[in-house]
Amino acid sequence: MKPGDDKPDPDALLRIAAREGRGKLKLFLGAAPGVGKTYEMLAQAAGRRKAGIDVVVGVVETHGRAETEAMTRGLETIPRAAITYQGRTLAEMDLDAILARHPGLVLVDELAHSNVPGSRHPKRYQDVEELLAAGIDVYSTVNIQHLESLNDVVASFTHVRVRETVPDSVLEAAEIEVVDIPPDELIERLKDGKVYIPDEAARALNHFFSKSNLSALRELALRRAAQAVDAQMLDYVREHALAGTWAGTERIVVAINELPGAELLVRTAKRISDALRAPWTAVHIETPRARHFGETEQRRIAAAFNLASQLGGLVATVPAVSVFHGLSAFAIEARATQLIIGKSSRSRWFELRHRSVVDRLVRETSGMAVHVLPLADEMLPKVRRGIARAEPGAWRAYLATLMMVAAVTVVATELFHILALGNVALLYLLPVMLAASLFGRWPGVFAGLASSLAYNFFFLPPVGTFSVSNPENVVTLLVLLGVAFVTSHFAARARTQADLAGSSARQNAAIAGFARQLTTARTDEELMQAICAEVARLFDVRTALLTPSSAGPVLRAAYPPEDRLATIEMAAAQWTLDKGQPAGRGSDTLTASDWLFHPLRATDRTMAALGVARDDGRNPIRSDQLQLLMSLIDQASLVLDRMQIENEMRDVAELRERDRLRAALLSSVSHDLRTPLTAIRAAVDGMRRAPTPALLDEIATETARLNRFVANLLDMARVEAGALRLTLQAIDLTDAVAGALHDTQQILAGREVRIELPADLPMVRVDPQLFHHVLINLLDNAGRYGDPGTPITVTAQRDGMGLTLSVLDEGAGLPPGQEQAVFETFHRLEGSDRSKAGAGLGLAIVKGFADAMGIGVEAANRVAPGGARFGLRFGEGLIVRPLDEKAFA
Amino acid sequence: MTIPALILVVDDEPPIRRLLRGALERAGYAVIEAGSAKEAMALLAARDPAVVLLDLGLPDRDGIELIPLIRKRSSATILIVSARDATEEKVAALDLGAADYVTKPFDTEELLARVRAALRHRLTADGGQTVLTAGGVTIDLLGHRVTRDGEAVHLTPKEFVALAELARFPGRVITHQQLLRAVWPNDHERHVEYLRVLIRGIRQKLEADPARPSLVVNELGIGYRLIGSA
């Protein structure tokens with residue numbers, strides 16, 4: 001083991017240590033009076049009591065309710081202390097009585113209660129603090145409006161100011177259980193008179209218990225509880241970027257765009273959010289224009305999203321026909337109070353036509369502060385914008401449009417004798433609408449132009465020319481053209497929206513499916529394999545996942561499975577792991593690699609690099625898919641981070657258990673080494689005065705015991721290190737037993753050992769050395785716990801399923817129910833004489849070695865005569881088959 | 001024996017050397033001591049001891065490496081006396097030419113018995129003993145005869161070969177490989193279990209209590225030893 005290899009984070013241990021010895025606080029948090037906090041607390045307390053915990057009632061306000069009163073009856077109640085204040089005698093919780101009584105768990109209702117002046121602490125939560133410090137667990141109740149940081153918020157919409165508050169820190173250190181009932185039900189209970197209303201609240205009753213207030217309070221309670229739970233978990237591991245409490249009113253939305261300043265917007269949002277202690281969301285409005293973004297733009301958006309999620313913000317993509325529409329709708333839905341946008345760099349011409357998004361937002365949204373960030377000129381792209389590239393296969397759309405116009409012309413010619421000239425114009429609207437809705441705006445406009453030309457040429461007199469003689473027909477022609485333009489505009493817009501909605505729905509489905517797949521993983525390996533498989537499936541690429549190590553990136557999972565990556569790919573992965581930046585094909589670094597690596601990041605480290613590659617060597621991820629990939633990677637990072645945190649926590653727990661065992665071992669070892677040493681020393685002293693054979697025997701026996709004990713310590717170290725190397729060999733049990741007897745003759749001096757092994761016992765395949773130690777420990781154990789002077793018996797039975805070798809002693813036997821427990825490390829039979837030293841190691845070694853060799857161990861009591869039987873069970877697989885007779889001829 | 005046999009004790013721990021010297025001198029041997037491999041090799045050349053008691057954990061050199069060197073320069077019988085108790089280590093030492101292996105902490109009587117066995121072998125090798133008795137059993141190596149309490153015992157040819165191999169070096173551990181080579185010279189694939197079956201057969205015929213063998217005893221994971229006296 002290298003030093004520092006498995007040491008836990010010292011800070012984490014310190015925090016755990018600080019919490020150790022302190023009582024635990026469990027808070028029953030409610031949205032409003034009457035949700036049933038006290039009831040729930042009592043119900044759980046009853047359960048704890050049943051589980052054997054010493055539960056007492058410190059103070060419980062039953063408000064005269066029979067149900068609640070009945071529940072306190074089963075519990076011991078500490079009588080309240082009488083305190084005289086201004087001539088009146090009031091009853092308060094008797095803190096000193098509880099401390100003196102020192103129960104395992106005390107129930108303290110109404111955490112926010114203010115004590116009568118003259119009490120030790122002005123506030124009840126301070127009493128609770130003292131109880132916790134004394135190592136007593138506390139159950140308590142509190143309503144969300146009593147929380148200090150939310151006091152103003154609650155008052156602002158309930159118009160009831162609560163004077164009794166509890167600091168947020170109390171909540172943060174507590175286990176929280178939200179007692180929640182739907183607002184309708186609460187109002188129902190209120191009407192039935194089941195809720196006790198304090199006088200001051202009764203005045204504002206109608207207002208306070210309105211459904212909208214209750215809903216808001218309920219949301220606050222649930223959010224706050226969730227936040228506290230998260231905070232506790234994060235605190236456990238390390239500082240997190242998303243620190244601080246959330247005030248509840250402010251919500252920030254930042255609109256990010258494809259321009260170079262997007263990350264600046266995100267950082268600004270983070271700063272404002274920190275200042276306001278508000279949650280924030282980065283949103284990108286995906287307009288039809290976004291479909292024509294090049295790779296650079298897509299990458300910028302993805303980078304901004306990435307940054308936002310790293311800094312603790314939420315991210316969202318909203319498809320909409322225009323930035324204004326999408327953003328205002330999203331901001332309203334998210335109930336944003338602060339909106340941050342970059343100053344648009346649109347041309348004057350564009351702004352005249354569309355009016356600036358900023359202007360419209362400021363003018364048309366209310367109750368929202370709009371922050372406009374000027375983006376410096378040099379940040380802006382120098383060239384082109386907004387010119388839609390022709391979609392692939394566009395010429396086909398125009399050809400089809402032309403054919404539709406031609407078809408209408410043919411039909412109209414056929415029907416010309418029954419149609420009025422104006423109705424022919426109507427017929428031409430058909431190809432316009434079809435083209436616009438099928439192929440988009442420009443084919444629609446093209447259809448309009450083609451239709452009006454055809455109409456003019458074939459039907460308007462003079463037929464066969466593009467001139468128009470009748471002014472009335474000029475109007476018809478213009479109307480046709482106008483209708484064509486407008487129709488195509490709307491049809492195209494409807495189609496775009498449908499497209500966007502469709503692609504967004506697909507993306508959301510992909511993300512949801514991804515998350516579902518990841519949550520089924522139970523180990524790191526499974527999770528990494530799931531990430532690889534899912535990304536490979538969604539993008540139709542090959543994937544690989546690598547984690548850092550001191551020896552470079554390690555390939556942990558791949559889909560389809562892969563054993564190793566080429567040097568250049570490893571270099572790219574290394575770069576990604578080192579810098580937390582993408583590397584490989586399609587990135588800025590090591591582009592010669594066939595693979596593109598993206599980092600999976602936690603707040604403080606890069607956990608892994610996800611590589612993607614395509615067999616045909618193209619860029620692995622299309623630019624329009626980059627955002628989806630980023631979302632998936634973010635999600636994967638979160639899950640992976642969480643899993644690693646959980647693993648860490650488990651490791652710490654295991655470590656503590658190991659430390660505990662080690663401490664137990666040390667104390668046990670020093671005792672067990674000193675006992676024989678003391679005996680030897682005493683014998684030596686005795687020899688100096690008068691040498692006797694008895695003293696010599698004593699020395700020999702104790703020396704043998706010491707030797708045995710040291711051997712056991714070494715063996716145990718081997719078992720615990722998991723470093724048992726087996727050399728399996730066929731052995732004759734007769735030899736094994738004889739060998740063990742030879743090595744225990746000094747320990748078993750004066751004891752008869754009966755060996756009852758059948759002559760035809762088959763041989764077994766074991767590690768001779770380990771098996772020797774197993775037998776020695778069993779014999780030693782029998783010698784130690786069997787009554788002096790009684791024989792020890794070794795027997796073996798062959799049966800259809802294998803073979804059992806038993807060591808039997810005569811004595812008190814094992815305490816009933818402890819038959820298996822005796823094999824645990826450091827287990828020593830309760831009440832057994834301490835002078836029978838042995839650290840309880842012997843049987844643990846028996847089990848450890850036997851397990852390693854595949855031998856079963858059993859312990860049972862004998863019926864007559866009384867005593868213990870320890871059995872070694874060899875399955876058929878360990879038994880050596882009869883050998884070829886010819887070999888012995 | 002008129003001239004006491006000379007024994008070289010190689011160990012870096014003075015208390016152990018003192019202990020061994022005391023025990024060996026009481027048994028009538030002459031003792032010289034070395035605290036390192038270098039000293040040992042010098043004494044080996046200068047004094048030509050009959051037996052070397054060799055500790056494996058020496059300060060300047062691993063004792064295992066020393067075995068072939070001693071074998072090359074001297075006819076001394078090598079007995080390993082070491083705290084190392086891994087089976088592989090023992091087998092390696094025996095294969096390299098050590099005659100026996102005693103694990104620390106040792107039983108002094110047992111150690112002296114092994115020394116006696118080693119010296120006896122030197123006599124046998126020098127052209128002595130062909131008949132061996134142990135308890136009620138007599139083994140005549142040249143006459144291919146084995147008797148128990150005066151009555152002839154019938155052993156199969158392979159059983160006799162194995163017993164003879166053990167009897168050639170009475171008191172010394174013979175490794176599984178040595179025995180397997182002797183009994184099945186043309187079959188290198190034989191496993192230890194064949195040997196175990198063979199030994200069991202011998203015990204059934206020769207041991208007073210086959211469940212507690214006292215003639216042919218097992219040496220854990222290494223081989224067998226014939227307990228007997230010439």
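Colleague: What should I know about the numbering and the kind of model?

Modeller: Residues are numbered from 1 along each chain as its sequence is written, and chains are lettered from A and ligands numbered from 1 in the order in which they are written. This is a predicted model, where local features need pLDDT of at least 70, side-chain atom pairs count only at pLDDT 80 or more, and totals for chains, interfaces and linings use all residues.

Colleague: What is the mean pLDDT of chain B?

Modeller: First the idea: pLDDT is the predictor's confidence in each residue, from 0 to 100. Where pLDDT is low, the predicted coordinates should not be read in detail. For chain B the mean is 85, and 93% of its residues reach 70 or more. For the complex, the predictor gives an ipTM of 0.79 and a pTM of 0.45.

Colleague: Now the sheets. What is the strand order in the open sheet of 6 strands?

Modeller: Strands of a sheet pair through backbone hydrogen bonds, either parallel or antiparallel. As for terms, helices (H or I, at least four residues) and strands (E, at least two) are DSSP runs, numbered from the N terminus, and two strands pair if DSSP finds at least two bridges between them. Here the order is β3-β2-β6-β7-β1-β8 in chain A, with parallel pairing. At the edges sit β3 (76-77) and β8 (175-179) of chain A, each pairing on one side only. β3(A) is joined to β2(A) (residues 55-59) by 2 bridges in the parallel sense, and Val56(A) has Glu76(A) as its bridge partner.

Colleague: Which strands does helix α2 of chain A touch?

Modeller: Contact means that the C-beta atoms of two residues, placed from the backbone, lie within 7 Å. Axes are lines fitted to C-alpha atoms, for helices over the stretch in contact, and angles run from 0 to 180 degrees between N-to-C directions. Helix α2(A) (residues 37-50) packs on the sheet against β1, β2, β6, β7 and β8 of chain A, with its direction at about 165 degrees to that of β7(A). Helix α5(A) (residues 124-133) also packs on the sheet, touching β1, β6 and β7 of chain A, at about 160 degrees to β7(A).

Colleague: And what is the pairing in the open sheet of 5 strands, parallel or antiparallel?

Modeller: Antiparallel, in the order β15-β14-β18-β17-β16 of chain A. Its edge strands are β15 (554-559) and β16 (583-584) of chain A. Helix α23(A) (residues 567-579) lies across β14, β16, β17 and β18 of chain A, at about 140 degrees to β18(A).

Colleague: Where is Pro560(A) found?

Modeller: In the loop between β15 and α23 of chain A. A cis peptide bond joins Tyr559(A) to Pro560(A), with omega about -10 degrees. Chain B has a cis bond from Lys104(B) to Pro105(B), with omega near -5 degrees.

Colleague: How do I read a helix pair, say α3 and α4 of chain B?

Modeller: Two packed helices are described by the angle between their axes and the distance between the axes. The axes of α3(B) (residues 63-73) and α4(B) (residues 87-96) come within 9 Å and cross at roughly 15 degrees. That angle makes α3(B) roughly parallel to α4(B) (angles under 35 degrees count as roughly parallel, over 145 as roughly antiparallel, 65 to 115 as roughly perpendicular and the rest as oblique). Ile64(B), Ile67(B) and Pro68(B) of α3(B) make the contact with Ala92(B), Ala93(B) and Leu96(B) of α4(B).

Colleague: Last one: how many residues of chain B are in contact with chain A?

Modeller: 20 residues of chain B are in contact with 21 of chain A. On the chain B side, α8(B) gives the most, with 7 residues. That side divides into 10 nonpolar, 5 polar and 5 charged residues (Ala, Val, Leu, Ile, Met, Phe, Trp, Tyr, Cys and Pro count as nonpolar, Asp, Glu, Lys and Arg as charged, and the others, Gly among them, as polar).
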